[in-house]
Number of protein chains: 4
Amino acid sequence: MAKHLIGVVGGSGYTGAELLRLLAGHPEMEVGPVSAGSNAGKTVESLYPNLIPYAGRTFAAFDASAFAGCALVFAGLPHGESMAVVPSLLALGAKVVDLSGDFRLADAESYRTWYGKQHVAPELLGKGVYGLTELYRGKVSEATLVANPGCYPTATLLGLVPLVRSGLIDPGSIVVQAASGTSGAGRAPAPGLHFAHVDGNYSAYGITGHKHVSEMEAELSGAAGAEVRISFIPHLVPMARGILATSTAQMMPGVGESALREALMQAYESEPFVHVLPVGALPQTKATNGSNACHVTVRSDSRTGRAIVLAALDNLGKGAAGQAIQNANLMLGIPETAGLTAAGLYP
Amino acid sequence: MAKHLIGVVGGSGYTGAELLRLLAGHPEMEVGPVSAGSNAGKTVESLYPNLIPYAGRTFAAFDASAFAGCALVFAGLPHGESMAVVPSLLALGAKVVDLSGDFRLADAESYRTWYGKQHVAPELLGKGVYGLTELYRGKVSEATLVANPGCYPTATLLGLVPLVRSGLIDPGSIVVQAASGTSGAGRAPAPGLHFAHVDGNYSAYGITGHKHVSEMEAELSGAAGAEVRISFIPHLVPMARGILATSTAQMMPGVGESALREALMQAYESEPFVHVLPVGALPQTKATNGSNACHVTVRSDSRTGRAIVLAALDNLGKGAAGQAIQNANLMLGIPETAGLTAAGLYP
Amino acid sequence: MAKHLIGVVGGSGYTGAELLRLLAGHPEMEVGPVSAGSNAGKTVESLYPNLIPYAGRTFAAFDASAFAGCALVFAGLPHGESMAVVPSLLALGAKVVDLSGDFRLADAESYRTWYGKQHVAPELLGKGVYGLTELYRGKVSEATLVANPGCYPTATLLGLVPLVRSGLIDPGSIVVQAASGTSGAGRAPAPGLHFAHVDGNYSAYGITGHKHVSEMEAELSGAAGAEVRISFIPHLVPMARGILATSTAQMMPGVGESALREALMQAYESEPFVHVLPVGALPQTKATNGSNACHVTVRSDSRTGRAIVLAALDNLGKGAAGQAIQNANLMLGIPETAGLTAAGLYP
Amino acid sequence: MAKHLIGVVGGSGYTGAELLRLLAGHPEMEVGPVSAGSNAGKTVESLYPNLIPYAGRTFAAFDASAFAGCALVFAGLPHGESMAVVPSLLALGAKVVDLSGDFRLADAESYRTWYGKQHVAPELLGKGVYGLTELYRGKVSEATLVANPGCYPTATLLGLVPLVRSGLIDPGSIVVQAASGTSGAGRAPAPGLHFAHVDGNYSAYGITGHKHVSEMEAELSGAAGAEVRISFIPHLVPMARGILATSTAQMMPGVGESALREALMQAYESEPFVHVLPVGALPQTKATNGSNACHVTVRSDSRTGRAIVLAALDNLGKGAAGQAIQNANLMLGIPETAGLTAAGLYP
């Protein structure tokens with residue numbers, strides 16, 4: 001059977017490169033056009049010496065017409081750039097998985113509030129499916145446009161949504177503290193991402209008003225059936241990949257650890273990528289490196305009546321490129337796990 | 001003027017070695033006997049090649065009589081070992097700064113609950129002064145035995161106590177998430193501290209029932225004038241040194257960021273080691289490496305009504321050996337900052 | 001077609017775990033018995049939380065009879081233990097890829113000299129094929145026992161052998177300096193592998209008499225047609241995976257960079273895993289992480305008349321488990337690249 | 001006694017900041033004017049949150065007249081910028097320690113060859129003293145202008161010069177492989193210094209024609225009494241600070257390890273900062289972090305007749321700011337160790 005022809009827009013960022021890495025081993029997808037912005041004209045290998053399968057290949061400047069014939073295009077552009085490009089890709093008849101935040105929110109006003117700019121394709125808002133696969137598998141399968149979730153929201157929501165849906169925790173008491181490796185901040189050099197600065201350093205950043213709060217609150221509100229507001233405090237860890245979200249919330253009266261754990265087990269018992277850890281184990285980011293896995297668990301602190309929910313994943317894997325391919329598999333009728341079976345790289 | 005003769009028990013652990021490093025540059029202290037446990041007989045340099053000032057010197061096996069004549073002894077032993085040794089040091093007439101958890105709690109029952117063993121010197125419980133210097137400077141100055149606080153409690157309490165004392169936050173809503181470099185777990189090799197395991201890895205551990213909760217709750221209860229229970233969730237960061245405590249709590253009605261900040265500024269305006277960061281800055285662990293500094297700040301999240309309090313320090317510095325020397329300076333009538341003026345090592 | 005049944009002895013070390021990770025995705029191999037030493041009885045997931053495909057599975061204590069029926073067994077035991085086990089595996093009719101140093105040398109006296117012990121299966125010495133696949137592909141295909149090369153020798157020899165064979169460099173002038181991530185030293189905790197010690201630290205070790213010198217000199221002597229002695233100086237880098245070997249040697253009269261480069265290009269133009277980098281690029285260990293790739297290049301320093309040869313690989317990949325599977329593929333008549341096509345994990 | 005007034009030009013780079021850190025604790029120097037280039041106008045604390053002693057202070061734009069009255073000025077500018085500024089500082093009557101490469105070479109032609117530009121103050125070439133303190137202590141004491149050595153040359157030369165001077169090794173056979181933490185490459189963000197790129201990565205760079213070769217060859221030629229050419233191959237290590245130089249050279253006939261070691265011991269027995277390690281120990285970069293120490297040792301490989309010389313230091317300490325202060329102490333008649341007594345920060 002012929003492979004599906006796949007395009008990648010924004011292929012030279014970390015997310016784009018991770019897509020290329022995974023697609024090189026995908027049994028039913030074939031990489032066609034790959035474009036980049038300021039890196040157009042450079043060879044893939046010069047930026048990503050790991051991507052030997054693409055040796056000799058060059059990032060092209062973006063030209064929508066080059067993507068004609070693609071069954072599906074991944075858009076790995078920064079927030080604000082994607083919305084200018086996605087409509088032209090859809091117009092070609094391609095399905096699109098957009099990895100930016102541009103199509104995750106329901107309306108233009110929310111977008112302006114959280115992203116600080118005017119949306120240029122508001123007609124598409126609310127038409128894309130929020131691609132947290134485990135929650136929206138059916139809709140994703142039928143979607144033309146999927147808005148791939150952010151890395152922090154994927155980790156946070158996979159841990160919290162089953163507990164909120166089941167009414168086991170008080171949604172108004174949710175505090176999420178999360179920590180990420182630096183690849184989540186992208187490939188562009190910056191003082192705060194300089195090796196000598198980050199190495200041996202740990203700090204919080206963007207502790208109020210992080211863009212990802214918007215999609216987390218939207219999903220948690222949906223799960224709770226009422227408006228939910230959360231505190232979300234991200235941190236930067238001296239490591240390249242990985243996210244751990246550690247969330248606390250007040251348990252509802254009478255709830256204990258077994259009920260919390262049962263809710264997670266039921267939600268994920270058939271899931272190929274979300275793994276509820278054995279009793280006693282806690283998630284470690286490194287166990288998920290390079291994979292599409294998310295490791296979750298929950299504990300109760302009986303002294304304070306709080307639940308502690310932990311979820312780890314690779315911000316470039318299940319938090320971005322991996323989940324994007326998982327969604328694309330569904331959109332194209334390919335087995336959901338195709339190209340995503342690699343175990344995490346540890347040690 | 002003659003220098004004060006100082007002893008170090010448990011000198012071969014990370015805390016002991018940091019004491020030796022700082023004491024080598026102390027203008028009014030002179031290092032006398034230094035003992036170790038299983039490392040007795042080894043040269044200082046073989047374990048700590050940085051400690052060239054001690055070249056040729058060997059760790060001695062512990063013998064209390066060797067510490068006769070010491071004005072002050074630092075005990076850098078593990079929890080459970082220190083209580084067996086401190087009485088004999090006090091009996092020699094030496095003042096003692098104990099860096100373990102053995103004398104931090106007020107009674108033997110609390111000790112059994114949190115440390116899981118019977119206290120062997122219960123008569124000293126409640127007699128030592130809790131050496132969080134900024135809170136108990138007066139008592140420390142007059143103390144014979146100081147129980148040096150844990151690293152996590154120092155960071156957590158320096159951030160929270162002024163806000164709790166001022167009634168600005170609801171003590172019942174406090175959730176502390178903290179992260180530490182691995183030196184806090186000591187020098188003994190262990191699978192969870194193996195380089196190949198920790199590098200590129202981030203995880204939580206001991207998320208309910210960490211020993212340090214006991215002293216944090218005791219101090220916060222004192223500050224609140226009522227019993228306080230907190231959630232405390234520690235994490236391990238792939239770095240050698242540094243702690244960041246990120247605490248959240250509900251603000252009391254009418255409280256905003258300026259009141260929170262003002263409380264910190266007032267508490268620390270004259271303090272040589274606790275530095276309230278300029279508006280806009282967030283603490284970074286690396287800025288405190290090797291120093292006795294603690295960097296704190298506070299923010300308010302008006303969307304959720306929560307305060308976010310952040311404090312960073314070096315777990316071996318202000319979190320252990322640095323604060324121990326700060327206390328010893330007071331106990332011996334030496335200027336409080338003597339030997340502790342080095343700025344943090346960055347980058 | 002039925003998959004080949006594969007056994008793994010010594011499955012709980014880093015090399016064993018990397019074998020399991022790669023075998024989980026191998027299209028024509030199926031993992032059968034997996035044994036461990038002191039970790040027998042533990043679940044795979046408890047030691048390797050990344051190996052979700054093996055969830056529920058337990059490391060067995062070694063029992064040779066359990067490996068009956070295996071087409072091939074990988075032995076991932078330490079030096080000195082493997083020679084006691086391999087004969088019993090061969091006796092079962094299984095082919096064996098041994099990843100220790102026990103069968104790499106030609107005679108028992110060399111073994112005693114370099115490994116410091118008596119060989120217990122000297123009848124097998126010289127019968128195993130040295131599994132540097134690119135040099136011995138034909139012999140490996142027909143082998144029953146393959147002695148998989150060491151990580152340092154693989155990197156060093158892939159760079160140097162083509163130049164020595166071609167007579168382009170003076171073999172008597174070879175100096176190899178190499179650096180490795182810590183996983184090469186294994187999973188057992190040790191002071192020198194403690195995170196707080198290794199992090200931010202760089203040092204040499206074993207700078208004369210490293211065991212790997214023996215196999216490097218044997219191969220280089222073969223390539224030169226005369227006895228060759230080299231200096232080999234390994235270093236430890238604060239990273240988990242990766243080896244870079246940087247070798248210098250005097251160029252023979254009239255030789256320049258183009259001839260050196262041409263020799264490498266010719267040697268590896270059809271090789272799937274050895275990649276001669278484009279002009280101007282230098283190998284980076286991270287580009288090979290998790291893959292079976294080896295990246296090589298050569299430069300000439302006309303001021304001194306020396307060639308500089310650089311080769312990078314993943315010590316657990318092409319330096320151990322990856323090459324072991326590459327050899328096993330050949331031994332079983334499977335396509336050489338099966339199960340080994342993943343690109344390196346970067347960033 | 002009044003402290004000496006000290007100026008710092010180029011104070012916002014890593015070298016400048018390390019000077020400020022060390023000067024804050026110097027008993028006989030007082031920091032006066034501090035200028036920066038593009039960072040002029042920023043607060044010291046905003047760039048270096050560790051430098052609390054400078055809280056409230058701002059980097060000034062460079063204006064030579066501001067340095068009038070300074071007893072000595074440290075110039076921490078990049079190569080090529082320093083030569084435009086140093087003459088004006090000397091004209092004010094200040095002594096100058098220049099940390100760039102601009103005054104290390106003897107003539108303008110060498111400068112053009114190695115630095116690729118025309119020297120703008122050629123009249124000063126050969127007038128500055130090369131500030132490798134242990135070799136030129138007398139000249140430094142009388143100097144008005146000291147050219148502070150590069151970080152790699154300091155490590156390399158401290159190890160090799162005593163052996164070359166004594167005629168124990170063949171200077172024509174010297175191959176230096178060295179490795180550095182990333183702070184040696186400065187504070188400016190760049191793709192090759194991005195955390196996600198460097199973390200877990202090890203690579204060589206600039207392997208022929210590194211600028212530092214020129215000063216190493218000049219010094220080694222002086223020590224040998226004949227022109228010496230060396231191979232020098234630098235590497236980048238995923239750590240912030242530290243350099244290790246591992247050099248090999250053929251031993252002269254009859255020379256063994258004891259003679260090599262003796263030469264180092266004699267050269268450094270009275271030196272406060274150069275420490276010949278005990279037999280059996282090898283230098284580790286981390287042991288020197290934040291200090292002015294250099295740790296050296298030598299081994300012989302009798303199989304190949306080569307000496308292996310190893311030297312470790314902190315590239316910002318003895319490799320830059322520390323040695324600059326050591327030189328300044330001599331130039332101002334202050335005890336040589338003043339302000340430089342801190343032991344290395346480990347772990």
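A salt bridge joins chain A to chain B in this predicted model: the side chains of A:Glu217 and B:Arg303 meet, with 2.4 Å from N to O. In total, two salt bridges are counted between chain A and chain B.

**How chains A and B meet**

- On chain A, 47 residues are in contact with chain B, and 47 residues of chain B take part in return.
- Put together, chain A and chain B bury about 3,900 Å² between them.
- Of that buried area, 55% lies on carbon and sulfur atoms.

**Polar contacts and the side of chain A**

- Across the interface of chain A and chain B, 31 residue pairs are in polar contact, with both residues at pLDDT 80 or more.
- Several helices and strands of chain A each supply at least two residues to the side that touches chain B.
- The helices in this group are helix 7 (195–198) and helix 8 (212–224).
- The strands include strand 8 (175–180), strand 9 (203–204), strand 10 (231–236) and strand 11 (243–250), along with strand 13 (294–301) and strand 14 (306–313).
- Sorted by type, the residues on this side of chain A are 22 nonpolar, 16 polar and nine charged.

Technical notes:
Residues are numbered from 1 along each chain as its sequence is written. Chains are lettered from A and ligands numbered from 1 in the order in which they are written. This is a predicted model: local features need pLDDT of at least 70, side-chain atom pairs count only at pLDDT 80 or more; totals for chains, interfaces and linings use all residues. Side-chain values use heavy atoms; hydrogens and water are left out. Contact means heavy atoms within 4.5 Å. Buried area is the accessible area (1.4 Å probe) that two parts lose on being put together, summed over both. A salt bridge is a side-chain nitrogen of Lys or Arg within 4 Å of a carboxyl oxygen of Asp or Glu. A polar contact is a pair of N or O atoms within 3.5 Å; within protein, one must be able to donate a hydrogen and the other to accept it, and residues adjacent in sequence count only if both atoms are side-chain atoms. Helices (H or I, at least four residues) and strands (E, at least two) are DSSP runs, numbered from the N terminus. Ala, Val, Leu, Ile, Met, Phe, Trp, Tyr, Cys and Pro count as nonpolar, Asp, Glu, Lys and Arg as charged, and the others, Gly among them, as polar.
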